[in-house]
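Work through the following exercises with the sequence and the coordinates side by side.

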Amino acid sequence: MERLRIAVVSDIHGNLAALEAVVADFTGRGVDAVVNLGDSLSGPLLPRETAEYLMEQDWAQLAGNHERQILDSSAPRGASDEYAHSQLSARELQWIAALGPRADYADDVLLCHGTPQSDLVYLLETVEPARVRVATAQEIDARLGDVTAALVVCGHSHVSRSVRSARGQLIVNPGSVGLPGYFASAPHAHVIENASPDARYAIVERQAGRWTSSLIAVPYDFRSMAELARRRGRAEWHRALLTGYVSN
């Protein structure tokens, strides 16, 4: 197989400033392709502008759980999904409706938002009633199921991580471009905190049939995005964007 170098982004959450900083960074490093694993728009920031930016790219792009929730009118939307939906025109809604939750890519790569089967389950972390911990090898293998791809890239948890499965597959979560911390209520109440406001992404590279990964954190003008969240009444987003922490 020929050499291939891919930038992997995920969980942008309408943070266009962070996305532009990441794009500038991987453009300077040189990549052959870009993939986006979803949760691109939801939040109190710039959903329409971010959608317009992404629609202009020739990237492989997925829908995350928040794209599905933005489109779903059968259940009450959370504040982030509701705001994003209110800002999107029919054109942007049609675009996200055409995105799938997973895709095969470049012969030996699987793209997914959460796990290959679910956009709501973390692949590399396990949520327990009292904590979030690193998933065991057995849990990861069970979540992979019958996937045989040499490289699996996933998002959803916002935690940058590179893991080898028991079968030798490389699994990479690039972390979140646009939201370094959040609170979630399911499957148990838990907090994700990356302790830094940096935008995160990954570069994966195939040489001589073997995949390697680099996890990258990029500084950007996070204060402007934090202030935008504050003006829109989202104090929890303001703190997470400003510090990478959710709790005090």
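A disulfide is counted here as a pair of cysteine sulfur atoms within 2.5 Å. The model is a predicted one, in which local features need pLDDT of at least 70 and side-chain atom pairs count only at pLDDT 80 or more, while totals for chains, interfaces and linings use all residues. Residues are numbered from 1 along each chain as its sequence is written, and side-chain values use heavy atoms, with hydrogens and water left out.

**Exercise 1. Cysteines**

Solution: A search of the whole structure returns zero disulfides. Finally, check the surroundings, where buried means under 20% relative accessible area, exposed over 50%, and partly exposed in between (1.4 Å probe, protein chains only). Cys112 is buried at 0%, and Cys154 is likewise buried, with a relative accessible area of 0%.

**Exercise 2. The loop between β4 and β5**

Task: Locate Asp108 and work out which side chains its own side chain contacts.

Solution: Helices (H or I, at least four residues) and strands (E, at least two) are DSSP runs, numbered from the N terminus. On that basis, Asp108 falls in the loop between β4 (102–105) and β5 (109–112), and it is buried, with a relative accessible area of 8%. A polar contact is a pair of N or O atoms within 3.5 Å; within protein, one must be able to donate a hydrogen and the other to accept it, and residues adjacent in sequence count only if both atoms are side-chain atoms. The side chain of Asp108 makes such a contact with the side chain of Arg206 at 2.9 Å, and another with the side chain of Trp211, also at 2.9 Å. Ala106 sits in the loop between β4 and β5 too, but is partly exposed, with a relative accessible area of 25%.

**Exercise 3. Backbone geometry**

Task: Examine phi at Ala106 and His13, and the peptide bond between Ala186 and Pro187.

Solution: As background, most residues other than glycine have a negative phi, and most peptide bonds are trans. Ala106 has a positive phi, near 50°, and His13, which is not a glycine either, has a positive phi of about 55°. His13 is placed in the loop between β1 (4–9) and α1 (16–29), where it counts as buried at 4% relative accessibility. The bond joining Ala186 and Pro187 is cis, with omega about 0°, and Pro187 belongs to the loop between β11 (181–184) and β12 (190–193).

**Exercise 4. Helix α8**

Task: Determine which residues of α8 are buried and what covers them.

Solution: In α8 (residues 235–243), the buried residues are Trp237, Ala240 and Leu241. Seen down the axis of α8, they fall within an arc of 95° (taken over the directions from the helix axis to the C-beta atoms), so they line one face of the helix. Their cover, with contact meaning heavy atoms within 4.5 Å, includes α4 (79–87), β11 and α7 (222–231). After α8 comes Gly244, whose phi is positive, near 85°.
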